[in-house]
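Here are a few exercises to work through with the structure on your screen. Try each task before you read its solution.

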Amino acid sequence: AATTGQLDLSAPANSVDQIDGTVRAEIPEVLVGETNIGRVEIEAKFKQGSVEIVGNGSLLSGAADIQLSAGDFRGRDLSGRASVNSMRLHELMRLLGPARLSRLYGDVSATIEIGQGTDATAPQPDTAPQADVNLTLVDLILNGKSLGARLDVKLKTVGPAVVIQSVQGAYAGGRIQASGNWSRGGAAKQIQLFFTNVDLNAGLSPWLPAMEGHLDGKASGMSTLTGDQRLRVNGTVSARQCTVYGIPTGTWTSGLRAAANHDLSRWEVQLPTVRGQLASGRIRGDVVLKSSSLRRGTPDLASRWQLDRIDFGKILGDRGGSLTSYAHGRLTGELTLSGRAIRSTQDLSGRFSARLGDTQSAAVPGLVSADRYLGLISVTNTRFTAGALRGVIGGGTARLDELWLRSNRARVWAEGKVLLSSGRIDMDVVIATGNFVFGD
């Protein structure tokens, strides 16, 4: 559609800067490239060279309003205010954002106060247009997953420098806050980020769909984001009620290191100092999670864990037994868990070995129910003083190659498997009863 308007201007022949008059224009299609982003009506009033501009219309389905003034028609000493209410965020991302954000939905409203400030990034500091920007983003959805109900952002720009004065709001069931500087070129790029009670699955799965349902828990922490050739993150993180691919890791704290390309196509996250508690025992570990080179959109995992007096009866109870009355058994050992191009527990591999001690018979699935086959001697209420297990992880199962338990009245040997996705146990068990006080 054609732009229409009215032009009524005059200026001395020897001084075109001293313009007087009015320009009115109606632009039915505001184009960015070949994309129509809305319509605007503008009126500019010139008086001895200075200009005042008012306008209104619609941009990206949001109502727009503009009030600007300048010392001349070139924009010297530009100041004023502009606002847009309830723009469609996915339309904006398709124009300006990276491809991975093209499915970011929600509404964004913006107010921009324009003035003059000092551009400290210039070789010789000089005045430059300054803008104070307030953004409100609501009902954010990425790849069909809700991110949060509301996010408020305050920015200040002077020349190419962008100061993030504050970012705060709801994200993935928790809260986030951020502030810092992010400038074009070689200027400083650093943002401080704080997050509290963020749901790991809800927070990560929209960005990494392959992780959906495989990392659960609540996370809090702080980190510093810097940007040079790559984005880098350093900080600390705490997680509670955490599971990784269905394996409980409890409540822990760790240092956090991460790096990524600016388009996030390649990334790596390290948790080098995991320390915490799991089922009344202690857990230590280190984890590396990174984008896979074998299959786009999937992660590689490498992790090592040390377990100290973990109550495995309590873990089994949480996964399907009674939550109010546990049978107890203590486990101390090691676990490695890794995988390439992981899409499900089928892609995991690893090994585990542990010593067992102070184990009640009811803590071993199926053991008490075997009483019916043992005649007069019962293993109910038997406490096993020693034991061990070892096995491998692969094909979606944890295979028990060896499990034995010993008490003064019974011996148990078992082998079998546990399905990682459901926790279902399939084992063959041999039980020997008698008086073992004087030896085996």
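A salt bridge here is a side-chain nitrogen of Lys or Arg within 4 Å of a carboxyl oxygen of Asp or Glu. This is a predicted model, where local features need pLDDT of at least 70, side-chain atom pairs count only at pLDDT 80 or more, and totals for chains, interfaces and linings use all residues. Residues are numbered from 1 along each chain as its sequence is written, and side-chain values use heavy atoms, with hydrogens and water left out.

**Exercise 1. Get your bearings: how many helices and strands does the protein have?**

Step 1. Take the DSSP runs, numbered from the N terminus: helices are H or I with at least four residues, strands are E with at least two. That gives three helices and 28 strands.

Step 2. Now look at burial (buried is under 20% relative accessible area, exposed over 50%, partly exposed in between, with a 1.4 Å probe and protein chains only). Of the 440 residues, 38% count as buried.

**Exercise 2. Count the salt bridges, then find what Glu-113 pairs with.**

**Exercise 3. Which strands does the salt bridge between Asp-132 and Lys-156 link?**

Step 1. The two side chains meet at 2.5 Å, N to O.

Step 2. Asp-132 belongs to strand β10 (residues 126-142) and Lys-156 to strand β11 (residues 145-158), 24 residues apart.

Step 3. Asp-132 has 27% relative accessibility and counts as partly exposed; Lys-156, with 21%, is partly exposed too.

**Exercise 4. Take the pair Arg-340 and Asp-300: is Asp-300 buried or exposed?**

Step 1. Start with the bridge itself: the side chains of Arg-340 and Asp-300 meet at 3.0 Å, N to O.

Step 2. Arg-340 is in the loop between β21 (330-339) and β22 (348-357), while Asp-300 is in strand β20 (residues 299-311), so the pair ties together parts 40 residues apart in sequence.

Step 3. Asp-300 is buried, at 5% relative accessibility, whereas Arg-340 is partly exposed at 46%.

**Exercise 5. Which residues are linked with Glu-43 in a network of salt bridges?**

Step 1. Look for Arg-24 and Lys-45: together with Glu-43 they form a salt-bridge network.
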